[in-house]
Structure formats: structure tokens, C-alpha cells
There are 2 protein chains.
Amino acid sequence: MSTTAKANEGPTNPLVTPMLTDLYQITMAYAYWKSGKVNEDSVFELFFRKNPFKGEFTLFCGLDEILKFLKVFRFTKDDIEYLKKTPALKNSDAGFFDYLLKLDTSALKVRALQEGSVVFPRIPMIILEGPLGLCQLIETTLLNLVNFSSLVATNATRMVLAAQKVACIEFGLRRAQGPDGGCSASKYSYVGGFVGTSNIQAGKMHGIPVIGTHAHAFVQAFTSLEDVEELELLNKESGNTEKFLPHVLKHRKSEATNDSELAAFISYACAFPDTCLCLADTYDTLRSGVPNFISVALALDDFGYKANGIRLDSGDLGELSVQCKKLFTDSDKETNRHNLFDNVKIVASDGINEKMLNKLSKTKHNITGYGIGTNLVTCQAQPALGCVYKLVECKGKARMKFSQDAIKILIPGRKTAYRLYEDDKPLLDYIALAEENMPEIGQPIICCNPFVKEDRKTCTPSKADCLQNIVFDKGECIKPTLSLVESRKYVKSQMENFPSEITDFTRESDPKNYLYSVMVSEKLYNFLHELWKAENEKNWSENQK
Amino acid sequence: MSTTAKANEGPTNPLVTPMLTDLYQITMAYAYWKSGKVNEDSVFELFFRKNPFKGEFTLFCGLDEILKFLKVFRFTKDDIEYLKKTPALKNSDAGFFDYLLKLDTSALKVRALQEGSVVFPRIPMIILEGPLGLCQLIETTLLNLVNFSSLVATNATRMVLAAQKVACIEFGLRRAQGPDGGCSASKYSYVGGFVGTSNIQAGKMHGIPVIGTHAHAFVQAFTSLEDVEELELLNKESGNTEKFLPHVLKHRKSEATNDSELAAFISYACAFPDTCLCLADTYDTLRSGVPNFISVALALDDFGYKANGIRLDSGDLGELSVQCKKLFTDSDKETNRHNLFDNVKIVASDGINEKMLNKLSKTKHNITGYGIGTNLVTCQAQPALGCVYKLVECKGKARMKFSQDAIKILIPGRKTAYRLYEDDKPLLDYIALAEENMPEIGQPIICCNPFVKEDRKTCTPSKADCLQNIVFDKGECIKPTLSLVESRKYVKSQMENFPSEITDFTRESDPKNYLYSVMVSEKLYNFLHELWKAENEKNWSENQK
């Protein structure tokens, strides 16, 4: 079975099955089932309360995998056998296991943001309407699929913004949190604006461009120039296949450069004469790596090929890139080769994070690409996004969970959110009850802070987008999800269209006072506060004294 | 196909194939192939340079998945078709793709630490001997499989130490870095000493105990006591099936507790009368959750069942647990129920990390179990372990990579490491050339700091363990790997046997001055320094001026 074929049938990772959940979802489902509640209508929302990385925005991702999961959602007989033997469930009624075995997602309706959407705290990213038991059972899987995807896409976009037009490439597989920590990072950092990945599994599964050259071990594997004295290359100028080493040695200005490194570069050039990019820092970048690369590049030029560039993997990357560029320019001047090195790439890698990118962007450098691994794929600055999944309506009644902590108060009921624009720029997000009409263009709308009575304003939108649209109904996906390339474009267009203070990754946001407002309709405000009051009166009369 | 069946054939995660690697491994292999080096004998080592979490030790994990991967390692035709079309490889010789298609691991010999071993910086965790191309191709996959497994096992063990005998349960699937970020965390935190997981996929695949009760949504799903007035339970005392609600109401001391919460607890108790554990903090732990639980527990007792306990998911967990325990004790006194609540569990969850565990352990509390999620599974304190994979010998010649940074200098050559003991306690780890004899018990041995000439000492071991043993040869695993339960026991026994300053998780270690020494034999010291000198003389004569 090829992983590509599998990807078309179900989730990319075959571990994503109804069993990828917490035991308590099953025990709760059983208690619902025993209490006759398992098929009660329910509405759940998936959202988060704070942007990651102290930022102003988050990207929503993971919907594509969720839809693949929902489409094929079925417990297998094998799963049921396992569950029956689980100590927690061993005394459960047989009828419950029949229920599980027959359960599918045909009674589920899912509304969601578009993959790659810029999203803010409290905006429902996914709204699920369906039987209580089913909605409960899928909670953990959905959270797992959204949390990391959205986190790493957000991380990637912030890095792309920090890199300021310099291409970013994902190099993190080896340090990722497991195989699909790596593969998910490759996929969603591409959505976030990276140009490619080193991970060929991800490249094959998702059609992401794969990029890579060689490592230090490659340089170490050569011991002397004897290793490469027999290597031949087609000379496109002469049409003959010729030994390559003598041509390189012709251009070698000093024998003080490392021989084994030069041998490695020659080997690599003969293997990839059209795309030769050499790792220049195994011994000494400026005294050995770059001079060796220049000798090889000049020989390649003699043979009719253009060398591709170098990679720097240690040292002061910005300063080194400037000095490397100078060596290239000097060589061009000396050899009179028509600006041979003008477009030679200088790729930098070595523990790069957002802060370093930002610092590099502010200084003079000649880096043309960044290879970014650990900090990107493990989201070192904040390795988890705190998405939650909450019941907001059950059996037609809005449900809320009161909390002393305002940030944790749930906005109850079946809702829809809109993005309101002014002069084509996003102005604020506006949550209304699902039954309310869509905000009218050109008409003033009262927008309320759900928790602060005095904080309300009137705005007159020039445009309003409904954020959640039906993506899954009666067991089927409603429309094809965006391709990765489309999601990637969508991210880019949003980054360009949002006010710059929202996409300003250097600003540390205050979660209690985000620049971008998420407000509610007056009707929802009143509904929330009436429910809140009733909840207090019903259950807390005695305690409130 | 069941995931269990699959787990027996190959890696747990079907994404783990030879394609789970970096493109540069393939381009390097091609250059080796073109240069006639692809089958040269090589030796690679996998190790790390710094312990994670500023600690003194690391646990080695991931070997089981690596062996499963190596056993079935083959590129598929589909993989090769994909690679042929990759821009970087599109001009490559057809013979190379034949080489890849035919490549298996029959020429590979692997020596490794035992799964779950305590390991220190620079000790080779895995030593690979085989053809250069093959060893290069598997680098990324091996690093991916070791890095996170070892990191999360280490994190788990530190938390278990911090929890001081209180059981730790893994609850992190929803916040993990992807599906097998979650499943790997479940597996390796069990090895690290956790007692179980909430993740049923991991439970099913690996036979780990699964644990779980209910969530806030479950409580919210109930609106009033009417929801449960029909629920019946077998009264083991009378032998009759009776309505349960009236018995609970008999024990309810105040109607000020939340009705919907009480309804939820009654539903849960009727579903799980033998194992009823209730989440007590949805409304107010002490004024509603615990009193409601007590009413239900007393009614269960009337029916002949023992309630299991409560879970606290917010607030000051230590202080709350003490107050909950007091309510239980008060109830026991009042009701004269023969210490009904003596063994009732108080499970605490809510963003628990190592620091909180340590703080709780130092204060009075009555917590009997911790549910730990995000901080465990994403290793928030340090989300990546920096294992590297280095060429130490090629074509029979030792290879080294010189670096200005002492910590990055490679110890060259084919080596073996030993753990030397004094009075049955580990004293230091000692790396020797593979050709050297095993240290003799009772004989003095000179142990050298590889980089500081003056730092050497003589020790007389009472015991010496060879750390790396052959685990894979000629395409086959040499002996069955430890089961998870065996690895878990092995971790525990090591934690008990290492000197307490090594397992002291509260101490911040200095990576330049670890308490536990990793030293080399005098022969290896001399070999390293001769090679180093020769390397300098050969290539740097001019630059050294």
C-alpha cells in the first residue's frame, strides 16, 4: 500500500482512527447511552483562548485531515474487542458495543473556517452539530489534528514574515516530535509560506517541493583528492567526457584549503553539475569552504554548468554571508567570468528561530535562503496550542460553563461569526446567534464586548464574510477542501490584507487586550447575560449570600 | 488492517519508511554511488552532547521502532518513481535507482544500548557498521525515532521522580504534536514510569493500561435532576434493581449544590458503579462538586458499591485536595460508614509540570494521582533533544570533525563504551577503542578526559557493563527487544541504583561540568590527539601561521 494511495482514502496517518481518543470519551459515551442521552442533539465548538507565541493572530489548519477522518469514521470489530476487555468497560452492556460498531458520521453536520484562515481567540474554528455521543467521541481526535497543525502553520508564517522575502525551507524532520510531528510540520509550514521541505515522505504524500544538498558526513567521508581523481563529467563546451579534477586544480589558488573537503565538492559537482550546492563550513568557511567551492564552480563553468551555491551551518551567519559574497565578487573580478557568482545562493542554517531571522533581517546580509529545523517544527517558543472543544447547546438548550476567570467563560448557544471589513481591510470579528441575519453592508451594527457592558461600538461594514461554512453533512464532504497550494495562497493574501499591526510578529500582545477585536451582537450579549443570571439564580442562590 | 497487526510487521506508524528521510541523504547517496564510494565500509554513531531539561541524565528510547524499521527497510517501486521525478534527481543515472530499489539492510550491523538505558552525553547510543550509502540513507529516520522517544521518556521519568510515589497518568493526546506525537508520548512515558494513559490507540497498540473518567462537557450535558430520575441500578444488598436518584437525594445535605452536576454524577455512577470517579470542579469544588460526589458515594455504598474518587482540574490543587479529604473525613465521622472514604482517590490535573509536582511534593496534600498532559507530551521545557549522527570511520580509517567548540569535537574511530561500577553503584562511563579489551574487574584503569590532558584518574571497577551490544545483523534482529513492561522495570531499577545526585531533577546541571563523568581510555586519548595533530598539520599548516 503506498502512502499516497492511502492519503486519498483516509487520514494521511493511519493511526488516525476513532481509537485515537481518550478513554473518557468512551466512558462518557457509555454513560450517555445508559442515560438515554447518547443521541440528543448537541452543538460543540472548537476554539482557543490565546494566540500562540504572544502574537496577535493564529492560522487555522488541520481541517483537511479532519474531513478525511470523519468520512471514514468507523470502529472496527478489532477495536470493539479491545474495548470490551478494557477494565473500565468490562461490565458495560453489550448493546453499547453494538452502538459503537454501527456508529458513523451520517448524523453529523460540520461548519468550519477555511483551511489557512487567520483566526482570533474565541472564534469557533469548527462547529459540530450532531448526536451528543458521537460529538463527544470525536473530541480528542479533532483537537489533536487542529492543535499542532495550526500551531506550526502559525509559527511558519511568523518566520516567513521575519525572513522578509528570503526563502524559508523546512529542515526539521530529525528533531521533530515523532514521524508525523515531522510530516505535519512539513505540510503546514508549506501552507504557512515555506517554499519547501527536506522531508521526502512529506514531499511524496503532499506534493511539496523537496530541497536538499549534503551534510558534514559527506565531506568527512572523503580523505584525499585521490578519492576523486577518476571522476569524469560531460564537458558541454567540448562535447567530451573528461576528468574533472585537473580542471578544478587549475583554479585552485592555494593548497591550504582542505583536500578532503575539495574532494567532496568535486564528487558532488560530478553528481549534480546543474544544481551543485556545497556545505561550506566543515573546516573553515572563508579559508577553505568558499575557496574550494569557487574552484569547483569555475571548473563547472568551464564545462558549461552553473554552480548553485553554498550553505553555511555555523558562525555569525549574516556576517559570513557578506564575506562569502565578497569572495564571490572578488573572484568574478579576477576571472572576468561575466558575473558568474551573481546569482549564487547562500543558504543559512543552524538553530535558526524567529528572533534570529528578525535580527538578520535588520542587518546587512547576503543570505538567499534559510534552512529552518528544530525551532520551526517543535515550535520551541510555545510547543502547544490550547484549543478546547466545548458543548454550547444540548437538546436545544444553550449551555454555558461559568468560571471565575473571565477568559474561561463560555459563550453559549449556536452561533455564527463574521469578519467585518472597512475599506476592504478586516476591522473586527463579530459573533452572532446562528438565528440572526447576516450583518448588512453599509448598515450600522452594534458590536459588544461580551464581558464588559460599557465596551461597545457601532460599525458600518463595507464587507462582511461569514467565517464558518458547511464542510461536512450526512457523511459527506460538502465541497473539496483547498489544495495545499491554494491554502498557501490564501494565507499569503490574508497576510497582505490584514493591518500591519496585526501581522507584526515583533509585538508582544496582551491576551486581555488584543488589538483585533472579537465582539458579539447585542442579541448574543443579552442572551449570554440572561443565561448567566439565570444560572446564578438557579444554582447559587444560597452560595451567593 | 488493524493497527495491532501492522505493529507486528513493521514500525507502529506506517509513515516510517525509507522515505521518511531528508532529500540530502538521497543526493549524498547518489554522489557516493557516482564516486564509487557507496559500498565503502563505514561506522556511524548516534549520540547527543547535552542532557535535556538541564539535567544530569537522559533515557535512551526508540530502539524497538528502529529495529522494526530496519527489518522491513525497502524502497518501493512507487517511491522510486517519485524520486526519479524529483527535480534534484531527474538527471541521475538509472543505475542508481536500481541500487535503491534493491537496497536492504542485510549488510548492516547495529550495536546499541538497551531500551530504557540511562545514558550520558557523547556515549554512542547506536553504532552502525555497514555500507556508507545505506548508513547515510537511514540517518534521519533513526534520529527522528530516537530524539522524541528519548526526550519524552526522560521528561516522564523526571516527573515521576518529582511526584514522589504519587501515580502519574498521561493525558496529553489532544495537545500533542500530531497523532504519533501523542501515541509516542503515551508509549515512552509509560517506559519512563507513568502508570497509564488516556489514549486508547496507544493502549491498544502497546498494551498500556488505559485510564479515564469524564470531562466538563459531560456535566454540562445535564440540565436538571429530571434527566436522571428514571435511572436504575442493581442494589447488591437487596438484589433488586432500583431507581438510584431517591437514594442519592436522601444523602444530599443541601440543595445549594449544582443540580445538573449532581445529575451527571448520578448518570456516571449508574454507568460505572464500581469505578465511579467524578470531575468535581465544574461549578465549585468544595461547595458543589465534593458534596454531590459524597451524596452519590453514600448511595452507591447503600447499593453495595465503592465509589472510586474525584478529579480536580483547577484551583490550588494541593490545598483543595486537603480540603476535599477533610470533607470526606467529616462525612465518614457523620455517617459512621467504616471509613468509606479512606481509599477514595483524589486525582489532580490542570497544566501540571515538573516544577508544580516538585512544589506539591514539598507541601501537604492528599493527591493520589496526577493527570499530566501538555507539559509531558510536548516537553514544554525543552521540546527537542539534539541527537546527532556522525561518521567516525570510513574505509577502515578513523574520521573526525574538528571544531573550535570543544563540545562539538568528534571522538573518532570504532569504539565501545563501558559503565564502571564501584560498590555496585555506577561510577563513570568509559569509552575505549573497539579493539581494546574489556576493563578488568578489580584492576586499576586510567580514565582520561578526552579534551583536558591533566584531567585523568585511576579507578578500580567492582563491575563493568558493556553498554552497546549487537541488536541487528545480516537483516535480522539478534534478540527480542525488551517489552515495554521490561523497559519500564529497567528504568526504575536504574533510577534506584544511580547515586541520588545524578537523578536529582531539581539541580541545574552545567553541560561543561556534569557530575557524572564520561571518560576515555588512555589509548583512545592518544589516538584522538594524534589524529587531531595530523589533521592540523596536513591541512592547516599555512593557515596556522
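**Note on a predicted two-chain model**

1. A:L59 counts as buried, because 30 C-beta neighbours fall inside 10 Å of it; a residue is called buried if 20 or more other C-beta atoms lie within 10 Å of its own, exposed if 12 or fewer, and partly exposed in between, with C-beta atoms placed from the backbone. The model is predicted, so local features need pLDDT of at least 70 and side-chain atom pairs count only at pLDDT 80 or more, whereas totals for chains, interfaces and linings use all residues. Residues are numbered from 1 along each chain as its sequence is written, and chains are lettered from A and ligands numbered from 1 in the order in which they are written.

2. A:L59 lies in strand 2 (residues 58–59) of chain A, where helices (H or I, at least four residues) and strands (E, at least two) are DSSP runs numbered from the N terminus. Leaving aside neighbours within four places in sequence, A:L59 is in contact with A:G116, A:V118, A:S150, A:A153, A:T154, A:T157, A:G192 and A:V491, contact being taken as C-beta atoms, placed from the backbone, within 7 Å. By comparison, the C-alpha atoms of A:L59 and A:L108, which are 49 residues apart along the chain, are separated by 25 Å.

3. For chain A as a whole, there are 18 helices and 23 strands, and the C-alpha atoms fill a box of roughly 90 × 55 × 40 Å along the principal axes. Of its 545 residues, 55% count as buried, and among contacts between residues at least 6 apart in sequence, 73% join residues at least 24 apart.

4. Helix 3 (residues 63–71) of chain A is largely enclosed by the rest of the structure, because 8 of its 9 residues are buried. The buried residues are A:L63, A:D64, A:E65, A:I66, A:L67, A:K68, A:F69 and A:L70, and what covers them includes strand 3 (109–112), helix 7 (139–163), strand 21 (469–473) and strand 22 (476–477) of chain A.

5. The axes of helix 7 of chain A and helix 15 (residues 354–362) of chain A come within 8 Å and cross at roughly 15°, axes being lines fitted to C-alpha atoms, for helices over the stretch in contact, with angles from 0 to 180 degrees between N-to-C directions. That makes helix 7 of chain A roughly parallel to helix 15 of chain A (angles under 35 degrees count as roughly parallel, over 145 as roughly antiparallel, 65 to 115 as roughly perpendicular and the rest as oblique). In this contact A:R158, A:M159, A:A162 and A:A163 of helix 7 meet A:E354, A:L357, A:N358 and A:S361 of helix 15, and by class there are 4 nonpolar, 2 polar and 2 charged residues (Ala, Val, Leu, Ile, Met, Phe, Trp, Tyr, Cys and Pro count as nonpolar, Asp, Glu, Lys and Arg as charged, and the others, Gly among them, as polar).

6. In chain B, the axes of helix 4 (residues 77–85) and helix 5 (residues 94–102) come within 10 Å and cross at roughly 150°, and these two helices of chain B are therefore roughly antiparallel to each other. B:K77, B:I80, B:L83 and B:K84 in helix 4 meet B:F97, B:L100 and B:L101 in helix 5, and the residues of this contact divide into 5 nonpolar, no polar and 2 charged.

7. Between the chains, 96 residues of chain B are in contact with 94 residues of chain A. The largest share of the chain B side, 8 residues, comes from helix 2 (residues 23–34) of chain B, and by class that side has 39 nonpolar, 39 polar and 18 charged residues.

Terms used
Two residues are in contact if their C-beta atoms, placed from the backbone, lie within 7 Å.
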